[in-house]
Amino acid sequence: MRTIFWKDGVVLIDQTKLPEKLELITCKHVVELLDAIKRLAVRGAPALEVAGAYGVVLACIEKEFTRVDEMKSHLIKTFDLIVSTRPTAVNLSIGAKRALDAALKGGSIDEIIRLALQEAEKIAREDIDRNRKIGEYGSKILEDGDTVLTYCNAGRLATVDWGTALGVVRSAVNEGKKIRVIACETRPLNQGSRLTCWELIQDGIDVTLITDSTAAHVMKQGMVDKVIVGADRIVRDSVFNKIGTYMISIVAKEHGIPFYVAAPKTTFDWKKTSKEVIIEERSAEELVYCGEKLLAPKNVNVYNPAFDSTPLDNVTAIITEHGIIEPPYDVNVPKVLRI
Ligand code: MRU
């Protein structure tokens, strides 16, 4: 099943309900989609790329327009709203911009709608294709019997289908290799325990859940052959991914365990360095409460960044749909990706 698709609106798996319930929701208005993005009902950089594009389509149809210029200025305003929901994953703005640029080429209201939807559907198809290619390239680094540690969720649920980091595992398993996954729970929103474990179990892939603080222990015990994670933005000096990824990379380096990043070309923002990237900060409630239950004093000071940056020095290779990129990245990234 696709994580996100268009059917009279944006249909998506509400990831806040997993693993208890597999529930689809349909967003018919931009404000509903913005809310879904902010509360992580749809999440993961590649899925956000498609969500951003579909958001522009929603903006085309949620109101009755009589004038093309009025419609186009509504689309431009909506683009800004979409991009401001989550600042770290570059894919969100890339998807929204592609749909907006396509729409702005239209000369009539019907043509604008058609062009925006056509572009959004194209991005969704491209995402599935590129994840399959990431999987094909990436499976070459996995040997039969390997145990892969992963962090957060860079699987089907973070993309339209197949996944990036978990796409690599899926492809290797499809080729007949026996691969075991260790999933870190990924506090505070538990994308690892709720989503990675759920989708791997759905596919019958061997997965073991650990607390985030068990990661160093399992690496020290020799229980991990490779680490593979996804990315929200890759800049000239580092990889932005879920908070805690940096820590995992340091431990992997300490124990001589290869640390791979799997991501599509659209996640690269190669003109920027880490200083120019905004790290999203999320609410104190995510740490202070578990549902209704208090996990900390209500009035405690909280710092809750959603992402961190891992220096490229800690990254063994980056698996993309154009091939596996090894250091030196300043030479090889532009060469392989033509950026
Ligand atoms: O806050 P999230 O759940 O959107 O964070 C997602 C991640 O950090 C993923 O690892 C990343 O987007 C890559 S998904 C293929």
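Met-1, Leu-22 and Leu-24 form a nonpolar patch on the surface of this predicted model. Together they have about 300 Å² of accessible area. Such areas come from the Shrake-Rupley method with a 1.4 Å probe, and for residues only the protein chains shown count as cover. Patch residues have over 30% relative accessible area and no salt bridge; like charges are joined within 9 Å, nonpolar side chains (Val, Leu, Ile, Met, Phe, Trp, Tyr) within 5 Å. Leu-24 sits in strand 3, residues 24-27. Helices (H or I, at least four residues) and strands (E, at least two) are DSSP runs, numbered from the N terminus. Leu-24 is partly exposed, at 39% relative accessible area. Buried means under 20%, exposed over 50%, and partly exposed in between (1.4 Å probe, protein chains only).

Residues are numbered from 1 along each chain as its sequence is written. Local features need pLDDT of at least 70 and side-chain atom pairs 80 or more, while totals for chains, interfaces and linings use all residues; side-chain values use heavy atoms, without hydrogens and water.

Now turn to the charged pairs. Side chains of opposite charge can pair when their charged atoms come close. A salt bridge is a side-chain nitrogen of Lys or Arg within 4 Å of a carboxyl oxygen of Asp or Glu. The structure holds 26 of them. One joins Asp-14 and Arg-39, at 3.5 Å from N to O. Asp-14 lies in the loop between strand 2 and strand 3, and Arg-39 in the loop between helix 1 and helix 2, so the pair ties together parts 25 residues apart in sequence. Asp-14 is buried, at 2%. Arg-39 is partly exposed, at 34%. Both belong to a network of salt bridges that also links Lys-17, Lys-21, Glu-23 and Asp-35.

Another bridge joins Arg-86 and Glu-280, at 2.9 Å from N to O. This pair links distant parts of the chain, 194 residues apart. Arg-86 is buried, at 5%, and Glu-280 is buried too, at 7%.

Of the 18 residues around the ligand, Arg-43, Arg-86, Asp-232, Asn-241 and Lys-242 come nearest. A side-chain N or O atom of Lys-242 is 2.7 Å from a ligand oxygen atom. For Asp-232, the distance from such an atom to a ligand oxygen atom is 2.8 Å. A polar side-chain atom of Gln-191 lies 2.9 Å from an oxygen atom of the ligand. The protein covers 100% of the 420 Å² of accessible area that the ligand has on its own.

Definitions and conventions. A residue is near a molecule or strand if one of its heavy atoms lies within 4 Å of it. A polar contact is a pair of N or O atoms within 3.5 Å; within protein, one must be able to donate a hydrogen and the other to accept it, and residues adjacent in sequence count only if both atoms are side-chain atoms.
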